[in-house]
Amino acid sequence: MLSAKRYDILNDSNQAKAKPWLVFLHGLLGSSDDWQEVVEQCQEYPCLVVDLPGHGDSSAINCQSFSDFDQQLNELLHHHNIQEYVLIGYSLGARLAMHFACFAPHQGLKGLVIEGGNVGLNNENERIARAENDHQWAERFRQQPMENVLNAWYQQAVFADLTLKQRQQLVQLRGKNNPLAVADMLENTSLAKQPFLVEKLQQLLTPYRYFCGERDQKFRSVSQQYALPFTLIENAGHNAHRENPQHYVIALHHFLSNCG
């Protein structure tokens with residue numbers, strides 16, 4: 001079973017019991033610790049912070065597909081007796097959260113927050129190119145020194161707003177990962193294998209919101225292209241919850257207040 005850190009509400013009032021759980025999914029190379037600053041500012045909600053397959057304390061768990069993860073997450077929610085919840089995902093975690101919301105049985109899902117998540121590719125040539133690109137990165141993770149691969153990884157355009165110091169910090173932090181497990185997760189949940197989710201999202205009855213850092217030009221354009229309900233996180237790039245957790249939490253609380 002997936003590993004997760006559980007934060008129950010200490011206040012045992014009826015109001016506290018009525019709050020939905022906040023279930024957090026980190027990005028590729030991350031861990032549940034990435035959400036710590038956000039969780040600390042959401043103490044009025046019970047929180048479950050998940051380590052994705054191949055990451056953190058779930059590093060020994062394999063995930064073969066998006067549907068496989070849907071089942072793993074449902075098992076985890078059942079194990080913790082979580083009946084009403086809001087899914088909050090970043091990057092890969094956002095893509096997994098969207099797929100779950102669109103395809104998995106989820107009677108208790110009360111809201112969905114998508115942070116910097118790609119809604120999918122609607123062009124076969126783009127899928128082929130992405131599959132090859134992800135395969136090449138996976139092979140680098142399998143064969144080259146982790147530090148070398150991470151230095152190259154954080155030179156990608158989506159991380160263009162990072163300073164040299166921020167890149168160095170991320171390389172050091174993410175170097176704790178098992179590169180073989182990361183490679184498997186990268187290929188098995190490649191964007192090339194993700195359905196194009198825009199139509200499904202537009203049909204969702206569950207409230208959802210697309211969070212994006214103001215310097216994350218790529219995903220700002222995604223939200224605008226498909227007219228997704230959008231919240232801009234100021235003074236942040238792709239990893240908005242890490243770069244500006246205070247404003248992120250304000251935006252999150254505003255969304256939660258409208259989730260019923």
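Me: What do the side chains of Glu84 and Lys110 do when they meet?

Reply: In this predicted model, Glu84 and Lys110 form a salt bridge, at 3.9 Å from N to O.

Me: And where do Glu84 and Lys110 lie?

Reply: Glu84 is in the loop between α3 and β4, while Lys110 belongs to strand β5, so their pairing ties together parts that are 26 residues apart in sequence.

Me: Buried or partly exposed, which is it for Glu84? And for Lys110?

Reply: Glu84 counts as partly exposed, with 39% relative accessibility. Lys110 is partly exposed too, at 27%.

Me: OK, how many salt bridges does the structure hold?

Reply: There are 10. One of them joins Asp33 to Lys5, where the closest N and O atoms are 2.4 Å apart.

Me: Which parts does that pair tie together?

Reply: Asp33 sits in the loop between β2 and α2 (36–40) and Lys5 in strand β1, so the bridge ties together parts that are 28 residues apart in sequence. Asp33 is partly exposed, with a relative accessible area of 45%, and Lys5 is partly exposed at 31%.

Me: Switching topic: in what order do the strands of the sheet come?

Reply: It's an open sheet of seven strands, running β1-β3-β2-β4-β5-β6-β7, and the pairing is mixed. The edge strands are β1 (4–7) and β7 (230–233), each of which pairs on one side only. From one strand to the next, the twist averages 20°.

Me: Take β5 and β6. In what sense do they pair, parallel or antiparallel?

Reply: Parallel: β5 (residues 109–115) and β6 (residues 208–213) pair over four bridges. In one case, Leu112 has Tyr208 in β6 as its bridge partner.

Me: Which strands does helix α3 touch?

Reply: Helix α3 (residues 66–79) packs on the sheet and touches β1, β2 (21–25), β3 (47–50) and β4 (85–90). The direction of α3 makes about 145° with that of β2.

Me: What about helix α4, which strands does that one touch?

Reply: Helix α4 (residues 92–103) also packs on the sheet, in contact with β2, β4 and β5. Its direction makes about 140° with that of β4.

Me: Now helices against helices. At what angle do α5 and α8 pack?

Reply: About 170°, with the axes of α5 (residues 124–143) and α8 (residues 179–188) 8 Å apart. Angles over 145 degrees count as roughly antiparallel, so that is how α5 runs relative to α8.

Me: Which residues of α5 and α8 meet there?

Reply: From α5 you have Asp134, His135, Trp137, Ala138, Phe141 and Arg142. From α8 they meet Pro179, Leu180, Val182, Ala183, Asp184, Leu186 and Glu187. The residues of this contact divide into eight nonpolar, one polar and four charged.

Me: I'd like to hear about Arg142 again. Which residue does it form a salt bridge with, and how far apart are the closest N and O atoms?

Reply: Glu139, with those atoms 2.7 Å apart. Both Arg142 and Glu139 lie in helix α5, three residues apart, which is about one turn of the helix.

Me: Are they buried or partly exposed, Arg142 and Glu139?

Reply: Arg142 counts as partly exposed at 27% relative accessibility, and Glu139 as partly exposed at 25%.

Me: Last one: which residues are linked with Arg142 in a network of salt bridges?

Reply: Glu139, Asp184 and Glu187 are linked with Arg142 in that network. Asp184 and Glu187 are among the α8 residues in the contact with α5.

Conventions: Residues numbered from 1 in each chain as written. Predicted model: local features only at pLDDT ≥ 70, side-chain atom pairs only at ≥ 80, totals over all residues. Heavy atoms only, no water. Axes fitted to C-alpha atoms, helices over the stretch in contact; angles between N-to-C directions. Helix = DSSP H or I, 4+ residues; strand = E, 2+ residues; numbered from the N terminus. Parallel < 35°, antiparallel > 145°, perpendicular 65-115°, else oblique. Contact = heavy atoms within 4.5 Å. Nonpolar A, V, L, I, M, F, W, Y, C, P; charged D, E, K, R; others polar. Pairing = 2+ DSSP bridges. Salt bridge = Lys/Arg side-chain N within 4 Å of Asp/Glu carboxyl O. Buried < 20%, exposed > 50% of the residue type's maximum accessible area, 1.4 Å probe, protein only.
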